[in-house]
Amino acid sequence: MTISKAAAIGGGVIGAGWVARLLLNGIDVSIFDPDPEAERKVGEVMKGARRAYRQMLPEGLPKEGKLTFAKTIAEAVADADLIQESVPERLELKHKVLAEIDLHAPANAIVGSSTSGIKPSDMQVAMKKHPERLVVAHPFNPVYLLPLVEIVGGEQTFPEAIEVAKELYSSIGMKPVVIRKEIEAFVGDRLLEAAWREALWLIKDGICTVEELDDIMRYSFGLRWAQMGMFQVYRIAGGEAGMRHFMAQFGPCLKWPWTKLMDVPEFNDELVELIATQSDEQSSKWSIRELEKIRDENLVAIMDVLSKTNGGKGWGAGTLHKDYVKRLGKLAKKPVSQAAAKAKATKPVKKAARAAGKKG
Ligand SMILES: NC(=O)c1ccc[n+]([C@@H]2O[C@H](COP(=O)([O-])OP(=O)(O)OC[C@H]3O[C@@H](n4cnc5c(N)ncnc54)[C@H](O)[C@@H]3O)[C@@H](O)[C@H]2O)c1
């Protein structure tokens, strides 16, 4: 199942990242963002994304999809089979925007929300026509490179919508992971929030600077996490006796004062100033665009290396990367015409809508 036309509602950091991934996969995108600077900002992200994809595909990129700036949500979502909502993280705004998307989108379209932590059940109450096609589709920045998308269904989401969403996001080189139970912040942001809270304490208490903290991460377990995650790495840390031994060894720490996790530092100007000043000392010699460039170059290089290990079969994100690059390479050689792509596309939640006896 492929996407014949997509809509992006919101074109900031994340929305523009989605636009880049979709366009670079040859898919037409219609975007709505009221920011008068939206076109320029999306253009900047596209420049970076094209550069990263050229690193992946030195022999040439597939023909890009066409990007249209719509004047209204209604105009943007018309004819789209995937609508990606990426507006700021405020429930009342998500409600307003999702209600409008729902009113005007084709009944069989999938609506994916990029929300970092709002439960889909709390958002789909605003969708009066077809709440069953809403899924959280939570990506990671930069969306055009990092493959993971957390898929979360709400109380009203049809299982078929989750299946269709998995296929649609897979078709643009992503790794959908369906979260089994709906919770705030899902899985990725739960983990990131835990590390972030600890980091704020460590800086506030003067244990280390932001630069030292980043070094501790990127010269050690950050490298391990990128290729094996947490549990596989700890299994090895248990030695030949594996996970059981690891747990026996470190289980008692749970009762020791090894974390300040449930306690939050006071979020005040002093804390913001401390972190921001140290961050300036660490990084102000580079602009954000320069940092994005080096981040992207590193990410492509890491995934490329991971695509060659394990006897050439690749490992983790590298295996997916290898397939993605191969598929894009084929697409670049044999551009699929829009008509052919349309013919291949299956209409998403038709089955689901039928099952509910609803009409669009
Ligand atoms: N930044 C991240 O790292 C990250 C990662 C994953 C998910 N998210 C989630 O993605 C969503 C967007 O975050 P972001 O970081 O891109 O924010 P952002 O502030 O960079 O972009 C939001 C965009 O939405 C636009 N917008 C505002 N009102 C709108 C409306 N009514 N209709 C259409 N567009 C509107 C704004 O003009 C802006 O361009 C949030 O839900 C956020 O939690 C963010």
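A: **The H12 and H13 pair**

Helices H12 and H13 are roughly perpendicular to each other (angles of 65 to 115 degrees count as such). This is a predicted model, in which local features need pLDDT of at least 70, side-chain atom pairs count only at pLDDT 80 or more, and totals for chains, interfaces and linings use all residues. Residues are numbered from 1 along each chain as its sequence is written.

The axes of H12 (residues 288-306) and H13 (residues 317-333) cross at roughly 95° and come within 7 Å. Axes here are lines fitted to C-alpha atoms over the stretch in contact, with angles from 0 to 180 degrees between N-to-C directions; helices are DSSP runs (H or I) of at least four residues, numbered from the N terminus. H12 brings Met-303, Asp-304 and Leu-306 to the contact, and H13 brings Ala-317, Gly-318 and His-321 (contact means C-beta atoms, placed from the backbone, within 7 Å). By class, these residues are 3 nonpolar, 2 polar and 1 charged; Asp, Glu, Lys and Arg count as charged, and Gly is among the polar ones.

Now for the ligand: 23 residues surround it, the closest being Gly-10, Gly-12, Ile-14, Asp-35 and Ser-116 (C-beta atom, placed from the backbone, within 6 Å). Helix H1 (residues 13-24) gives the most to this shell, with 3 residues. The shell divides into 10 nonpolar, 10 polar and 3 charged residues.

Finally, the domain assignment, automatic or from a database, gives domain 1 (5-186 + 334-355) and domain 2 (188-285). Their C-alpha centres lie 32 Å apart, and 7 residues of domain 1 are in contact with 4 of domain 2.

Note on methods: Helix = DSSP H or I, 4+ residues; strand = E, 2+ residues; numbered from the N terminus. Parallel < 35°, antiparallel > 145°, perpendicular 65-115°, else oblique. Contact = placed C-beta atoms within 7 Å.
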